[in-house]
Amino acid sequence: MSELDRPGGIRLTVRGALVLVLVATLAGGLLQALLGPSMLTGLAFVGGCAVATVLVNPRELLSLVVSPPLVFFVATMFVETVRSLFAASPVQAFGLGMYTALSQGAPWLFGGSLLVVVIAWRRGLTRCVRELRDELRAAKASVPRPRTGETAFAPEPEGYFEPKVYGTPRDDR
């Protein structure tokens with residue numbers, strides 16, 4: 001029995017998993033602001049990613065795998081917005097803060113994203129990708145193809161959306 005077929009335990013939707021990662025990252029940012037070490041946000045992000053990937057429904061792994069960079073960016077933007085509100089020049093403080101936070105957080109972001117992919121791979125990510133491919137192939141097969149032969153549909157020539165003028169011009173004008 002694979003991970004996707006196994007029932008039981010706590011399972012999160014992908015929304016719940018993303019909220020978990022966001023809250024963990026924001027908590028890490030708060031701890032970093034209070035205590036000082038810059039690695040607290042990164043550790044909280046990586047920990048949130050690991051827990052979310054373990055707890056998410058297996059059929060939603062594909063959506064979770066692509067989301068950690070966006071969650072990290074949103075959390076960083078929120079923290080830096082709050083931090084820059086109390087500065088003398090809020091715009092400058094926000095820009096510098098975002099640059100600093102994203103450049104310091106890049107290794108944690110890559111590590112968290114890699115951890116999500118590795119855990120999701122073990123939990124059945126390949127099966128999710130295969131199912132998506134099958135769905136896309138099935139949807140593609142239902143698209144009608146143009147007919148050939150005498151009864152084939154002939155599309156309008158160039159200027160299809162131009163209004164047609166019927167009749168002949170009057171000479172009396």
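The model is predicted, and local features need pLDDT of at least 70, while side-chain atom pairs count only at pLDDT 80 or more and totals for chains, interfaces and linings use all residues. Residues are numbered from 1 along each chain as its sequence is written, and side-chain values use heavy atoms, with hydrogens and water left out.

The chain contains six helices and zero strands. Helices (H or I, at least four residues) and strands (E, at least two) are DSSP runs, numbered from the N terminus. Read from the N terminus on, the order is α-α-α-α-α-α. The chain has 173 residues, and 27% of them count as buried. Buried means under 20% relative accessible area, exposed over 50%, and partly exposed in between (1.4 Å probe, protein chains only). Among contacts with a separation of 6 or more, 75% join residues 24 or more positions apart. Contact means heavy atoms within 4.5 Å.

Two packed helices are described by the angle between their axes and the distance between the axes. Axes are lines fitted to C-alpha atoms, for helices over the stretch in contact, and angles run from 0 to 180 degrees between N-to-C directions. The axes of H1 (residues 14-35) and H2 (residues 39-55) come within 7 Å and cross at roughly 160 degrees. That angle makes H1 roughly antiparallel to H2. Angles under 35 degrees count as roughly parallel, over 145 as roughly antiparallel, 65 to 115 as roughly perpendicular and the rest as oblique. H1 passes H2 in a right-handed crossing. A crossing is right-handed if the near helix is turned clockwise from the far one by less than a right angle, and left-handed if anticlockwise. The H1 residues that meet H2 include Val 21, Gly 28 and Gly 29, and their H2 partners include Phe 45, Gly 48 and Cys 49. By class, this contact of H1 with H2 has twelve nonpolar, six polar and no charged residues. Ala, Val, Leu, Ile, Met, Phe, Trp, Tyr, Cys and Pro count as nonpolar, Asp, Glu, Lys and Arg as charged, and the others, Gly among them, as polar.

H2 also packs on H5. Their axes come within 9 Å and cross at roughly 15 degrees. H2 is therefore roughly parallel to H5. The crossing of H2 and H5 is right-handed. Residues of H2 including Phe 45, Val 46 and Cys 49 meet residues of H5, among them Trp 108, Leu 115 and Arg 123. This contact of H2 with H5 has 14 nonpolar, three polar and one charged residues.

The axes of H1 and H4 come within 9 Å and cross at roughly 35 degrees. H1 passes H4 in a right-handed crossing. Val 21 and Leu 22 are among the H1 residues here, and Val 71 and Phe 78 are among those of H4. The contact of H1 with H4 divides into eleven nonpolar, two polar and one charged.

The largest nonpolar core holds 18 residues, of which Val 21, Phe 45 and Leu 61 touch the most other members. A nonpolar core is a set of buried Ala, Val, Leu, Ile, Met, Phe, Trp, Tyr and Cys residues joined through side-chain atoms within 4.5 Å. H2 gives the most to this core, with four residues. Beyond residues up to four places away in sequence, Val 21 touches Phe 45, Gly 48, Cys 49, Ala 52 and Val 71.

Leu 64 lies in helix H3. Leu 64 is buried, with a relative accessible area of 4%.
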